[in-house]
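Here's a quick tour for anyone opening this one up for the first time. Have a look around, then read on for the highlights.

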Amino acid sequence: MKQFQYLRAATQQSTLDAISKPGTKIIAGGTNLIDLMKRGVTAPDKLVDITHLPLKNITPTKSGLHIGALALNSTVSENGIVVQKFPLLSMALKAGASPQLRNMATVGGNMMQRTRCSYFYDTTMPCNKREPGTGCGAMGGLNRMHAIFGTRDKCIAVHPSDMCVGLAALDATVIIAGKKGERRIPFTEFHRLPGEHPDVDNTLAKDEMIIGVDIPDNNFAKNSYYLKVRDRQSYAFALVSVAAGLDISNGTIRQARLAMGGVAHKPWRLFEAEKFLVGKAVSEDSFKQAAQIAMQGAKAYEYNAFKLKLAPATITEALKHASGLV
Amino acid sequence: MENKNAHSKPESELEEKDNSRRNFLKQSAFITAVALTPAPAVKAAAMHLDEKIAEAFEKVPVKLEVNGVMHNLSVEPRATLLDILREQIDLTGTKKGCDHGQCGACTVHVDGHRVNSCLTLGVMASGKKITTIEGLAKGEELHPMQEAFLKHDGFQCGYCTPGQIMSAVACIREGHANSETEIREYMSGNICRCGAYPNIVNAIQEVKSGGQIV
Ligand SMILES: Cc1cc2nc3c(=O)[nH]c(=O)nc-3n(C[C@H](O)[C@H](O)[C@H](O)COP(=O)(O)OP(=O)(O)OC[C@H]3O[C@@H](n4cnc5c(N)ncnc54)[C@H](O)[C@@H]3O)c2cc1C
Ligand code: FES
Ligand code: FES
């Protein structure tokens with residue numbers, strides 16, 4: 001690992017001052033950044049340790065819950081209010097990484113984690129995300145783990161987070177601090193598609209930091225499910241995952257929330273399928289139809305065509321679990 | 001079809017070109033490399049920041065309490081807790097398997113919580129209490145989990161074992177050892193190449209049902 005300067009930030013303002021300088025990166029849990037630094041995928045000159053900032057709080061608000069950017073993945077997943085009111089988030093977090101890693105990983109770091117595409121990780125391979133202009137190794141390579149939605153020829157990597165799939169489904173808002181103050185954006189607009197700039201994962205500016213997320217109250221707690229399909233039963237990234245939340249009254253769906261992981265460069269909200277489900281009776285048949293709608297526009301590559309079948313099956317199964325059909 | 005998933009423009013390019021280090025040093029007020037100090041001292045340090053950070057670029061002072069013993073060390077910021085434990089403090093019980101968070105061989109407790117020491121910077125653990133496999137036994141008396149691993153053959157080659165045991169103790173303390181399924185899920189961060197899993201689960205179940213305080 002390249003030598004770097006270590007700075008321990010005492011305040012949010014000092015963090016913002018520091019990250020506005022080139023070559024400087026925030027470090028939180030370190031579980032993604034240190035890994036990437038050891039491999040030479042990234043090599044910052046300065047690290048700003050933000051773990052002493054007061055951003056660990058999980059606090060009820062008038063209309064929901066606020067979670068600080070430094071709250072640990074393990075703490076959030078076991079928090080009483082999260083478990084009771086937003087079980088989908090708890091389930092998504094517990095499906096990710098390992099207990100040790102969740103004890104280190106933070107909410108902000110989880111959102112900012114980079115893709116696990118092996119061409120991104122291997123510095124001898126071309127990768128437009130790591131080194132713009134070098135090409136995409138995965139496009140004609142081993143692309144079993146890769147995206148089926150929103151791809152462009154420049155990049156077919158997926159965003160690897162489970163937590164983010166849960167937060168996308170839960171209509172969360174991201175709170176961002178910058179030199180000019182705070183701004184808030186919908187979670188679904190935080191991450192971006194590769195387009196012409198696959199090196200840019202999200203809409204956070206270089207001189208901004210995440211300070212927390214807000215989740216609005218909802219009626220999905222009773223009928224929520226996070227289903228993650230992977231190569232082994234635990235401690236593996238998703239091939240496909242689905243976060244499903246349903247608001248059901250007398251067997252009729254009043255509202256639905258659906259998001260998928262492992263299929264796109266960002267957590268993939270299934271807006272059209274959600275709309276379809278409103279007013280439908282709880283039944284395997286309507287779930288299957290919703291899954292078909294969700295798959296419109298999907299496009300597979302040489303080794304990930306199995307996702308075209310796995311994804312709708314996972315959506316259907318997640319909805320069955322969420323609704324209590326299984 | 002309306003697609004709110006469509007990408008928005010990046011607000012800024014990712015990395016700018018590097019600037020001179022001197023320039024950075026001048027401008028980064030209110031941050032100190034050695035800030036386990038109260039706020040007034042931090043502000044005072046900020047006024048002499050050039051020197052402080054220049055120092056920090058080479059080595060930083062790190063205080064670690066490992067298994068009850070205080071160590072005042074001087075380390076490079078890039079040194080991981082794992083490497084410091086093994087190479088500076090000579091506690092080689094904690095193992096390096098993958099060095100990338102993928103195997104759990106390096107599991108230690110920091111302030112009572114299990115973490116992967118291979119992805120922890122030593123400097124970020126400064127001021128914290130570390131427990132390694134060497135710190136579990138009380139003198140000659142093995143920790144109940146160590147006894148149980150011996151009794152149930154919870155290992156073959158033994159390379160993953162220190163990490164397994166540190167994780168197993170945490171698993172019980174966290175309250176995640178209530179069934180075989182739960183144990184398997186909450187021990188999934190520890191890979192055993194020899195496949196001693198069934199025996200590891202048995203060892204944990206025995207300690208759990210024995211009701212001893214771990
Ligand atoms: C072996 C392994 C398996 C894993 N499996 C899974 C899995 O199955 N599912 C899953 O979802 N994840 C998984 N992960 C990833 C893990 O969840 C992330 O590494 C973790 O969430 C990152 O959080 P962190 O606090 O450690 O971030 P860091 O490593 O500290 O930082 C990551 C990035 O975020 C930036 N950053 C951190 N905080 C902020 C902030 N507040 N504002 C702005 N930028 C910030 C940093 O600059 C850095 O670029 C796995 C990781 C490993 C090593
Ligand atoms: S050595 Fe740390 S997880 Fe493998
Ligand atoms: S005992 Fe050999 S790796 Fe676990």
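Predicted model: local features only at pLDDT ≥ 70, side-chain atom pairs only at ≥ 80, totals over all residues.

Let's start inside chain A: F149(A) is buried, with a relative accessible area of 2%.

**Aromatic pairs**

- The ring centres of F149(A) and W268(A) are 5.2 Å apart and the planes sit at 15 degrees, so this pair is stacked.
- The two partners come from distant parts of the chain, 119 residues apart. F149(A) belongs to the loop between α8 (118–121) and α9 (163–169) of chain A, while W268(A) belongs to strand β12 (residues 268–269) of chain A.
- How many aromatic pairs are there over all chains? The count comes to two.
- F120(A) and Y121(A) make an edge-to-face pair, with 6.1 Å from centre to centre and 75 degrees between the planes.
- F120(A) has 1% relative accessibility and counts as buried, and Y121(A), at 11%, counts as buried as well.
- There's also a charge over a ring: K280(A) lies over the face of F276(A), 4.1 Å from the ring centre.

**Chain A as a whole**

- Chain A's secondary structure comes to twelve helices and twelve strands.
- A compact globule of 326 residues would have a radius of gyration near 20 Å, and chain A agrees with that at 19 Å.
- Of the 326 residues in chain A, 63% count as buried.
- Take the contacts in chain A between residues at least 6 apart in sequence: 64% of them join residues at least 24 apart.

**Strand β5 of chain A and its neighbours**

- Is strand β5 (residues 64–68) of chain A largely enclosed or left open? Five of its five residues are buried, so β5(A) is largely enclosed by the rest of the structure.
- On one pairing, β5(A) runs antiparallel to strand β4 (residues 58–61) of chain A, with four bridges joining them. A hairpin of two residues connects β4(A) to β5(A).
- Another pairing, also antiparallel, links β5(A) to strand β8 (residues 209–216) of chain A over five bridges.
- H66(A) takes part in both: it stands opposite T59(A), and its bridge partner in β8(A) is D214(A).

**The sheet in chain B**

- Chain B has an open sheet of five strands with mixed pairing, in the order β3-β2-β6-β4-β5.
- Which strands stand at the edges? They are β3 (69–75) and β5 (113–116) of chain B; each has a single partner strand, so one side of each is left without a neighbour in the sheet.
- From one strand to the next, the twist averages 40 degrees.
- Strand β2 (residues 60–66) of chain B and β3(B) run antiparallel, joined by seven bridges. Within that pairing, L64(B) has H71(B) as its bridge partner in β3(B).
- Helix α4 (residues 81–88) of chain B packs on the sheet, where it touches β2, β3, β4 (107–110) and β6 (129–131) of chain B. The direction of α4(B) makes about 105 degrees with that of β3(B).
- Helix α6 (residues 161–173) of chain B packs on the sheet too, touching β4, β5 and β6 of chain B. Its direction makes about 45 degrees with that of β4(B).

Terms used:
Residues numbered from 1 in each chain as written. Chains lettered and ligands numbered in written order. Heavy atoms only, no water. Pairing = 2+ DSSP bridges. Axes fitted to C-alpha atoms, helices over the stretch in contact; angles between N-to-C directions. Contact = heavy atoms within 4.5 Å. Phe/Tyr/Trp six-rings, centres within 6.5 Å; stacked < 30°, edge-to-face > 60°. Buried < 20%, exposed > 50% of the residue type's maximum accessible area, 1.4 Å probe, protein only. Lys NZ or Arg CZ within 6 Å of the ring centre and 35° of its normal. Rg over C-alpha atoms; globule rule 2.2 N^0.38 Å.
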